[in-house]
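The sequence and the structure are shown first.

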Amino acid sequence: MRHVSEYRTDDVAARLAERIAALVEPGRRYQLMEVCGGHTHTIYRHGIEDLLPAEVELVHGPGCPVCVIPMGRQDDAIAIAERNEVIFTTFGDMLRVPASHGSLLDAKARGADVRIVYSPLDALRIARENPDREVVFFAIGFETTAPSTAVTLLRARAERVANFAVFCNHVTIIPALRAILDSPDLRIDGFIGPGHVSTVIGLRPYRFIARDHRKPVVVSGFEPLDVLQSVYMLLRQINDGRCEVENQYARVVREEGNPQALRAIAETMRLRTTFEWRGLGFIAQSALGLRPELASWDAEERFALAALRVADPKACQCGEVLKGVIRPWECKVFGTACTPERPIGTCMVSSEGACAAYYNYGRLGRRRGRVAAAARAVP
Amino acid sequence: MCLGIPAQVVAVVDPELGLVKVDVSGVRRTVNTLLLEAQPPLGAWVLIHVGFAMSMIDEDEALRTRTFLESLGEPYDTELDELRSSRVQ
Ligand code: SF4
């Protein structure tokens, strides 16, 4: 059942869409990147693109933490999980991520002790409850999630939980954006900035985009109206020739971010010299590893890992999807060899991945339908 | 997994460890508040993510975000199921 408020939302959305259309200057195209997978989800789920004029194109960015973990790291995770002494704990989203020889789910079917946890603190509890086993937490995520791993590590150290370790794969959003801005493949006119990451890092880290690259940024909330309003704010900046970092999500995001969270990260982690991102390749200083003081809780120190660079499957075009160079349905295996049940690439795994979001909400059919209708309309 | 979920503080569990009990659409679980500036008072609303309160929000924002998340269907249900399995100490 739809609530009255939803109808009201539709009404406001329609009016916002009209105001956006009125801003489009003749002969001009606007390519806007939504950085965060949460936004991608909202855009497909609520058909935001259908509300926008054809001149405004939304391009999906690299902000889905499940999507950017490279094959080699996933192989290492599975190698840890398959050790007899290990209980391997992970967020549910990582279970179906394909690696060289199947996924964590396949490893579990072969007998590995793989458990889904809601929180890193659940992983720590499992370690306390199983003192004779090694409990490893598969830490993934952007700055939104890294502080939770950090506080958990501080707890493990304070309580001297010796059988707990973290396989740290936290990544940072700014270097990825820098890589995209420096990439010759792409022309982006403005960025819809990630909401929850910004609650942690604040607004300052985006300033270089406005200052050095002369592109506007609007940090946005997750509801359809938030995204529409952010598009409106970006178009206004572009038309006015302004390049600023604006905050559409001021009800949650503060200018300075969350100092406690930043402090927890700084206390436990440091920037790696370089880190591989699925499809984007190696990006300097783009990920966090544990500080040497925490080596006893570092899975990379505790277990000998292959740490190899493993090429993506040939058919996989996730890199192009993550950079916004192609749209999900333009990948040759989309919806045929690659589906959410049997994903080839990571973008099909998490509901925040562009391919899964597009697949799940039947946009393929709708778009084909629209194209077909347009074709029929041509005499 | 990047959803921030509105939760209302319903009990203090361990002030020293920063643990409080919250209610999320009827599911009550313990979460950690050490990433907030101060421990939130009873009745306060917070956005939670993987067992941690990440920011304080007002009630309007909480209710509006909850309506939005409920409209997502499956992703929110999965999140609630995972929260249900949680026993943070
Ligand atoms: S359809 Fe599959 S292989 Fe192609 S880009 Fe999407 S996730 Fe990657």
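## Strand pairing

Two strands are taken to pair if DSSP finds at least two bridges between them. The model is predicted. In chain A, strand β5 (residues 134–141) runs parallel to β6(A) and is joined to β6(A) by seven bridges. Within this pairing, Phe137(A) has Val166(A) of β6(A) as its bridge partner.

## The sheet

The strands belong to an open sheet of four, ordered β4-β3-β5-β6 in chain A, and the pairing is parallel. At the edges lie β4 (113–116) and β6 (164–170) of chain A, each of which pairs on one side only. From one strand to the next, the twist averages 25°.

## Helices on the sheet

Helix α4 of chain A, residues 71–81, lies across β3 (86–90), β4, β5 and β6 of chain A. The direction of helix α4 is at about 170° to β6(A).

Helix α6 of chain A, residues 120–129, also packs on the sheet and touches β3, β4, β5 and β6 of chain A. Helix α6 makes an angle of about 175° with the direction of β5(A).

## Val136(A)

Strand β5 of chain A contains Val136(A). Is this residue buried or exposed? Val136(A) has 0% relative accessibility and therefore counts as buried, the cut-off for buried being under 20%.

Leaving aside residues up to four places away in sequence, the contacts of Val136(A) are Ile80(A), Val86(A), Ile87(A), Phe88(A), Thr89(A), Ala165(A), Phe167(A), Ala299(A) and Phe303(A). Glu267(A) is 131 residues from Val136(A) in sequence, and their C-alpha atoms are 20 Å apart in space.

Conventions:
Residues numbered from 1 in each chain as written. Chains lettered and ligands numbered in written order. Predicted model: local features only at pLDDT ≥ 70, side-chain atom pairs only at ≥ 80, totals over all residues. Heavy atoms only, no water. Helix = DSSP H or I, 4+ residues; strand = E, 2+ residues; numbered from the N terminus. Axes fitted to C-alpha atoms, helices over the stretch in contact; angles between N-to-C directions. Contact = heavy atoms within 4.5 Å. Buried < 20%, exposed > 50% of the residue type's maximum accessible area, 1.4 Å probe, protein only.
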